[in-house]
Amino acid sequence: MYGKDVLVQNKTGLHARPATFFIQKANEFKSTIWVEKDERRVNAKSLLGVLSLGILGGTTIKIFADGPDETNAVEGLVSLVESGFSE
């Protein structure tokens, strides 16, 4: 298992559009991936799960993955979050 903390850069956080991009990216990987905020962990490949965390801009989240491409999955998603989803 591999995990990493990341600060959500975009002002509005992971609302519908960025969350959709996040989930699309997560689904590119074979590993099981989770997002954690305030000790609540959800499946990173689930739109409802990610939205249910209510992740706002300026929030630190943790991304975990477990599987054959876990490092690439976490690093890819961290890069996407750090980019601010081009907003």
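In which helix does Gly49 lie? I looked this up to begin with, and Gly49 lies in helix H2, a helix here being a DSSP run of H or I with at least four residues and a strand a DSSP run of E with at least two, both numbered from the N terminus.

**Entry 1: the model.** I noted that this is a predicted model, in which local features need pLDDT of at least 70 and side-chain atom pairs count only at pLDDT 80 or more, while totals for chains, interfaces and linings use all residues. Residues are numbered from 1 along each chain as its sequence is written, and side-chain values use heavy atoms, with hydrogens and water left out.

Entry 2: I then took the separation of Gly49 from Tyr2, and found 20 Å from C-alpha to C-alpha for two residues that are 47 apart in sequence.

Leu47 also lies in helix H2, which covers residues 47-52, and with a relative accessibility of 37% Leu47 counts as partly exposed. Leaving aside its neighbours within four places in sequence, I found Leu47 in contact (heavy atoms within 4.5 Å) with Ala19, Thr20 and Ile23. The C-alpha atoms of Leu47 and Phe22 are separated by 8.9 Å, although these residues stand 25 residues apart along the chain.

**Entry 3: helix H1 beside helix H3.** Two packed helices are described by the angle between their axes and the distance between the axes, and I looked up both. Helix H1 (residues 16-26) packs with helix H3 (residues 70-82) at an angle of about 160 degrees, the axes being 10 Å apart; the axes are lines fitted to C-alpha atoms, for helices over the stretch in contact, and the angles run from 0 to 180 degrees between N-to-C directions. That angle makes H1 roughly antiparallel to H3, since angles over 145 degrees count as roughly antiparallel, those under 35 as roughly parallel, those from 65 to 115 as roughly perpendicular and the rest as oblique.

Which residues make the contact between H1 and H3? From H1 I listed Phe21, Phe22, Lys25 and Ala26, and from H3 Gly76, Leu77, Leu80 and Val81. These residues divide into six nonpolar, one polar and one charged, by a scheme in which Ala, Val, Leu, Ile, Met, Phe, Trp, Tyr, Cys and Pro count as nonpolar, Asp, Glu, Lys and Arg as charged, and the others, Gly among them, as polar.

I also looked at Ala16, which is found in helix H1 and counts as partly exposed at 46% relative accessibility. The C-alpha atoms of Ala16 and Leu48 are separated by 9.6 Å, and the two residues are 32 residues apart along the chain.

**Entry 4: salt bridges.** Side chains of opposite charge can pair when their charged atoms come close. How many salt bridges does a search of the whole structure find? The search finds three, a salt bridge being a side-chain nitrogen of Lys or Arg within 4 Å of a carboxyl oxygen of Asp or Glu.

I noted a salt bridge between the side chains of Lys4 and Glu75, at 3.1 Å from N to O. This pair links distant parts of the chain, 71 residues apart, with Lys4 in strand S1 (residues 2-7) and Glu75 in helix H3. Lys4 is partly exposed at a relative accessible area of 31%, and Glu75 is partly exposed at 26%.

Lys25 forms a salt bridge with Glu28, and the closest N and O atoms are 3.4 Å apart. Lys25 is partly exposed, with a relative accessible area of 25%, whereas Glu28 counts as exposed at 55% relative accessibility. Glu28 has its place in the loop between H1 and S2. Glu36 forms a salt bridge with Arg41, whose closest N and O atoms are 3.2 Å apart, and Arg41 is partly exposed at 42%.

**Entry 5: the loop between S2 and S3.** Most residues other than glycine have a negative phi. Asp38 has its place in the loop between strand S2 (32-37) and strand S3 (40-43), and at 66% relative accessibility Asp38 counts as exposed. Glu39 is found in the loop between S2 and S3 as well, with a positive phi near 65 degrees, and Glu39 is exposed, with a relative accessible area of 76%.

Definitions and conventions
Buried means under 20% relative accessible area, exposed over 50%, partly exposed in between (1.4 Å probe, protein chains only).
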